[in-house]
Amino acid sequence: MPAQAKSLCKNWWSNKEGAMMIRYFEVMLDDGYSICIKGVRKPSKEEAAAFLTERDLKGRKVVDVEEWDREDAETAFDFDREAEWPVFGR
């Protein structure tokens, strides 16, 4: 891979200090409910289902995954324990 392409890839996935950028995703379930997860990249529906525990899913199926910015996610989801959330793709 050319050096310029490597640099672009690195900047897209990390900040200037090299730390991974955390992104937020709404995982929509087949019963109309959603769960917010954080990750370093957008998961597929299958990856999101594998990432969530059975306690989270309770027999429900993942129907879609959409990226949200943090501000919008904080208004729609409970972020009280966000520091304890696992990070997808790490």
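These legends describe close-up views of a predicted model. Residues are numbered from 1 along each chain as its sequence is written, and side-chain values use heavy atoms, with hydrogens and water left out. Local features need pLDDT of at least 70 and side-chain atom pairs count only at pLDDT 80 or more, while totals for chains, interfaces and linings use all residues.

**View 1. Strand E2 pairs with strand E1 in the antiparallel sense.** Strands (E, at least two residues) and helices (H or I, at least four) are DSSP runs, numbered from the N terminus. Two strands pair if DSSP finds at least two bridges between them. E1 covers residues 23-29, and six bridges join E1 to E2. Arg23 has Gly39 of E2 as its bridge partner. Four residues lie between the two strands of this hairpin. Gly32 takes a positive phi there, near 95°.

**View 2. Strand E2 also pairs with strand E4, in the parallel sense.** E4 spans residues 87-88, and the pairing has two bridges. Val87 in E4 stands opposite Lys38. Five of the six residues of E2 are buried (under 20% relative accessible area; exposed is over 50%, partly exposed in between; 1.4 Å probe, protein chains only).

**View 3. The largest nonpolar core has 10 residues.** A nonpolar core is a set of buried Ala, Val, Leu, Ile, Met, Phe, Trp, Tyr and Cys residues joined through side-chain atoms within 4.5 Å. Its members are Phe25, Val27, Leu29, Ile35, Ile37, Ala48, Leu52, Leu57, Val62 and Val65. E1, E2 and strand E3 (62-68) are the elements that give two or more residues to this core. E1 gives the most, with three. In soluble globular proteins, nonpolar side chains tend to be buried together.

**View 4. Arg41 sits in the loop between E2 and helix H2 (45-51).** Arg41 counts as partly exposed because its relative accessibility is 29%. Its side chain makes a polar contact with the side chain of Glu47, at 2.8 Å. A polar contact is a pair of N or O atoms within 3.5 Å; within protein, one must be able to donate a hydrogen and the other to accept it, and residues adjacent in sequence count only if both atoms are side-chain atoms. Arg41 and Val87 are 46 residues apart along the chain, and 9.6 Å separates their C-alpha atoms.
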